[in-house]
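Biologist: I would like to learn how to read a structural model. Could we go through one together, feature by feature?

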Amino acid sequence: MSAYEPNTHITVDEYAILHLPSGARKMIQLRADGFINLGKFGSFNVCDVLGYPYGQAFEIQSENSVIPISSLEEGITDLNELDSEELTNGSSKDNRELIDGANVQKLTVEEIEEMKSKAGGNEIARELIQNMIKNHASFDKKTSYSQEKYLDRKHKKFLRRFQINYLTSTEMLDYLYYEKEPFRINNLSIEMLGLIMSIGNVMPGGNYLVTDETGGLIVYAMLERMGGRGRITLLHENDQPSVHLLNKTRFARELASSPESMVQYVNVLQFLEPENERPEFTPLSEEEIKELPEIAQIQYERKVKRFEIVNAAIDRVIANDFESLIYASTLNPTSFIPRILPRLRGSSPIVIYNQYKEILIELNHIFLRQKSILLPNIHHSVVTRYQTVPGKIHPLMTSR
């Protein structure tokens with residue numbers, strides 16, 4: 001069980017999620033003697049962050065050196081700390097007279113870039129932001145709330161800081177959903193992933209049948225919940241399942257590496273006709289194995305191992321002992337799901353995820369006509385992000 005506990009400290013060769021003050025994220029691999037380039041935010045050596053606990057924030061100094069800080073918000077300038085008090089104290093009650101055009105900033109791009117190139121760290125950013133405020137023609141006409149938002153934007157833009165977080169399934173999903181192409185994970189959100197885990201009754205020691213076309217993200221979330229105990233049979237339609245995301249996690253060794261591995265693969269043909277799809281194999285005697293060349297012996301051992309793994313997966317199918325079905329596939333479930341149901345235990349929860357509700361509506365009609373399916377329903381869960389000020393609230397316009 002202890003082998004499946006995540007590392008609490010930044011460890012070499014692991015993948016991690018790097019957070020920037022701007023809110024942007026980046027997936028990185030912590031290679032020994034590696035060098036991480038953050039673009040305009042600077043660069044740093046991986047060896048300088050190893051050993052610190054995950055969640056630690058850092059600030060990039062001159063010559064790409066880093067120092068640990070308590071958080072990304074440490075030392076942030078607020079309105080009360082600005083040197084130009086006359087600009088903040090005279091702020092208006094609203095923004096009706098505010099004209100915020102392209103020429104309100106008197107500092108040129110060249111002057112700003114020259115200040116940015118002096119050094120990294122909070123002091124340079126603080127000095128630069130104060131100069132930008134002093135040279136802003138309409139900063140005093142902004143409301144206090146608008147001034148705070150302006151300061152926040154500039155801090156996110158100029159602070160050379162970052163934070164390294166452990167690559168959990170939710171961190172990975174949030175990164176893929178907002179920073180990459182969400183269609184590659186079938187537009188699966190964190191809220192829907194949590195709903196899948198809850199309705200699917202995923203827990204340690206379970207025996208689950210899964211179809212996952214999110215790159216292995218759903219399987220990763222399940223393995224985290226199961227804590228190293230239980231079994232997952234991964235049903236796929238190709239020669240090999242697409243689980244490339246799992247290769248970035250500590251569970252990579254559990255991907256059908258032996259007959260005892262938690263995750264085993266079966267393709268559609270092996271699942272529908274398990275007895276007819278068993279591989280043919282004639283074992284050799286010990287004398288025959290010793291007579292083989294060394295390379296042939298290695299190939300034979302690999303063939304034996306593969307034979308045992310495939311048979312172990314087929315045995316799981318024939319046992320008809322799956323406790324739950326979690327289905328997230330582009331294959332139309334209306335024709336395939338009814339053929340899966342006989343392999344499940346009685347009273348097993350069935351979870352079918354699809355980004356298009358029309359397919360689920362059709363499947364729901366089929367389930368309503370089957371007496372063996374109880375209480376079929378369509379669920380949707382989403383959390384809307386809001387911006388709040390005293391007396392006002394509205395959703396962020398940039399939310400998905």
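**Reading the model, step by step**

Modeller: Asp-33 sits in the loop between β2 (25–29) and β3 (35–37). Bear in mind that this is a predicted model.

Biologist: Is Asp-33 buried or exposed?

Modeller: The cut-off for exposed is over 50% relative accessible area. Asp-33 has 73% relative accessibility, so it counts as exposed.

Biologist: Let us step back. How many helices and strands are in the protein?

Modeller: The protein has twelve helices and 14 strands. Of its 400 residues, 44% are buried. The protein exposes about 22,000 Å², and carbon and sulfur atoms supply 49% of that area.

Biologist: What share of the contacts with a separation of 6 or more comes from residues 24 or more positions apart?

Modeller: Those residues account for 67% of such contacts.

Biologist: Now packing. How are two packed helices described?

Modeller: Two numbers do it: the angle between the axes and the distance between the axes. Here is a case. Helix α6 (residues 190–199) packs with helix α7 (residues 217–226) at an angle of about 55°. Their axes are 11 Å apart.

Biologist: What name does the orientation of α6 and α7 get?

Modeller: Angles of 65 to 115 degrees count as roughly perpendicular, and those under 35 as roughly parallel. The α6 and α7 pair is therefore oblique. The crossing of α6 past α7 is right-handed.

Biologist: Which residues of α6 and α7 meet?

Modeller: From α6 come Leu-193, Gly-194, Ile-196, Met-197 and Ser-198. From α7 come Ile-218, Ala-221, Met-222 and Arg-225. By class, the contact of α6 with α7 has six nonpolar, two polar and one charged residues.

Biologist: How many residues of α7 are buried?

Modeller: Eight of the ten residues of α7 are buried, so α7 is largely enclosed by the rest of the structure. The buried residues are Leu-217, Ile-218, Val-219, Tyr-220, Ala-221, Met-222, Leu-223 and Met-226. Just after α7, Gly-227 takes a positive phi of about 60°.

Biologist: And α6? How exposed is Leu-195?

Modeller: Leu-195 lies in α6. Its relative accessibility is 24%, so Leu-195 counts as partly exposed. Setting aside neighbours within four places in sequence, Leu-195 is in contact with His-379 and Ser-381. The C-alpha atoms of Leu-195 and His-380 are 8.6 Å apart, while 185 residues separate them in sequence.

Biologist: Which residues does Ile-185 contact, leaving aside neighbours within four places in sequence?

Modeller: They are Leu-173, Leu-176, Tyr-177, Thr-214 and Leu-217. Leu-217 is also one of the buried residues in α7. Leu-173 is twelve residues from Ile-185 along the chain, with 8.5 Å between their C-alpha atoms.

Biologist: Which residues make the contact of α11 with α12?

Modeller: On α11, they are Pro-333, Thr-334 and Ile-337. On α12, they are Ile-359, Glu-362, Leu-363, Ile-366 and Phe-367. The contact of α11 with α12 divides into six nonpolar, one polar and one charged residues.

Terms used:
Residues numbered from 1 in each chain as written. Predicted model: local features only at pLDDT ≥ 70, side-chain atom pairs only at ≥ 80, totals over all residues. Heavy atoms only, no water. Axes fitted to C-alpha atoms, helices over the stretch in contact; angles between N-to-C directions. Helix = DSSP H or I, 4+ residues; strand = E, 2+ residues; numbered from the N terminus. Parallel < 35°, antiparallel > 145°, perpendicular 65-115°, else oblique. Left-handed = near helix turned anticlockwise from the far one by under 90°. Contact = heavy atoms within 4.5 Å. Nonpolar A, V, L, I, M, F, W, Y, C, P; charged D, E, K, R; others polar. Buried < 20%, exposed > 50% of the residue type's maximum accessible area, 1.4 Å probe, protein only. Areas by Shrake-Rupley, 256 points an atom, 1.4 Å probe, with all protein chains shown as cover.
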